[in-house]
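Q: I have a new model open and would like to learn how to read it. Could you walk me through a few features?

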Amino acid sequence: MDILETSAHDRRQRRNTTCVLFLYLLPFFASCTIYFYLWIPDSAPSLLAAGIKAAPILCLVLLVLSYNGGWGLVGVAGGLLLSAGGDCCLIWPELFIHGLGCFALAHLLYSISFLSSRYSATSSSASYFILYLILWLFGIGMYAYLVPFLRLEPEADLLVPAIGGYILLIVIMATLAARTRRPLILLGSLVFMASDLTIALTKFNVFDVEYKKHIIMTTYYLAQLMIALGDVKAVLEEDADDIHKWKRS
């Protein structure tokens with residue numbers, strides 16, 4: 001009977017947690033709706049445009065902090081905050097390198113978080129090693145493909161190493177995301193790479209993509225949402241494990 005009662009209690013807890021999480025996500029969905037409804041053109045950069053673009057990510061920062069506390073700032077919450085800074089910088093084309101730096105640091109914080117005990121993973125199977133290999137081959141191939149186009153840019157001497165460093169960090173982040181074996185975290189990292197790939201191919205004139213901004217922003221917000229939810233889920237599972245250990249002791 002105790003086992004049945006515990007199981008029923010756990011189910012109620014999961015339902016309650018899902019409802020609370022949904023309420024926490026309402027500001028994110030509302031701010032995304034405002035961003036896509038207003039759709040301020042890139043030709044009109046302003047503080048208002050920067051704020052509207054960064055608002056959904058700031059909502060995710062608050063979500064992660066509400067579950068993870070201040071320590072989240074040296075993990076996923078900190079990465080999200082840096083991403084919001086990158087969003088603001090990218091509103092102005094002349095601040096592209098600054099935005100790139102913000103996102104590079106964000107990936108660094110994500111990577112640090114994925115190495116924490118909360119995300120400790122068992123030994124990887126052969127399929128995961130194949131995924132790691134694909135990620136690294138893709139990153140190397142993408143950089144090699146972009147370099148000739150980067151050399152045509154006015155700031156080529158800065159862009160070539162900067163883009164190389166950024167690709168290195170995002171591939172490391174995606175590799176560590178795969179290591180966690182958490183679907184939301186892994187999918188979030190892969191969708192993030194897809195968003196950045198679209199930016200690179202269109203910004204550096206490799207080829208043009210119709211509705212490129214729609215693709216970039218939809219995949220970007222989705223990627224950040226999945227990473228944030230994956231982190232929250234990891235926190236909840238860790239707390240649940242601690243409670244069960246306490247009950248058994």
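A: Let us start with Phe 114: setting aside neighbours within four places in sequence, Phe 114 is in contact (heavy atoms within 4.5 Å) with Val 76, Tyr 119, Met 173, Leu 176, Ala 177, Arg 179, Thr 180, Ile 185 and Ile 227. This is a predicted model, where local features need pLDDT of at least 70, side-chain atom pairs count only at pLDDT 80 or more, and totals for chains, interfaces and linings use all residues. Residues are numbered from 1 along each chain as its sequence is written, and side-chain values use heavy atoms, leaving out hydrogens and water.

Q: Which residues have the most contacts inside the largest nonpolar core?

A: A nonpolar core is a set of buried (under 20% relative accessible area, 1.4 Å probe, protein chains only) Ala, Val, Leu, Ile, Met, Phe, Trp, Tyr and Cys residues joined through side-chain atoms within 4.5 Å. Here the largest one has 60 residues, and Leu 60, Leu 80, Phe 114 and Phe 192 have the most contacts inside it. Among the elements giving two or more residues to this core are helix H1 (2-38) and helix H8 (212-248); helices are DSSP runs of H or I, at least four residues, numbered from the N terminus. H8 gives the largest share, 12 residues.

Q: Where is Arg 181?

A: Arg 181 lies in the loop between helix H6 (156-180) and helix H7 (183-203). Arg 181 counts as partly exposed because its relative accessibility is 32%, between the 20% and 50% limits. Its C-alpha atom is 8.5 Å from that of Tyr 119, 62 residues apart along the chain.
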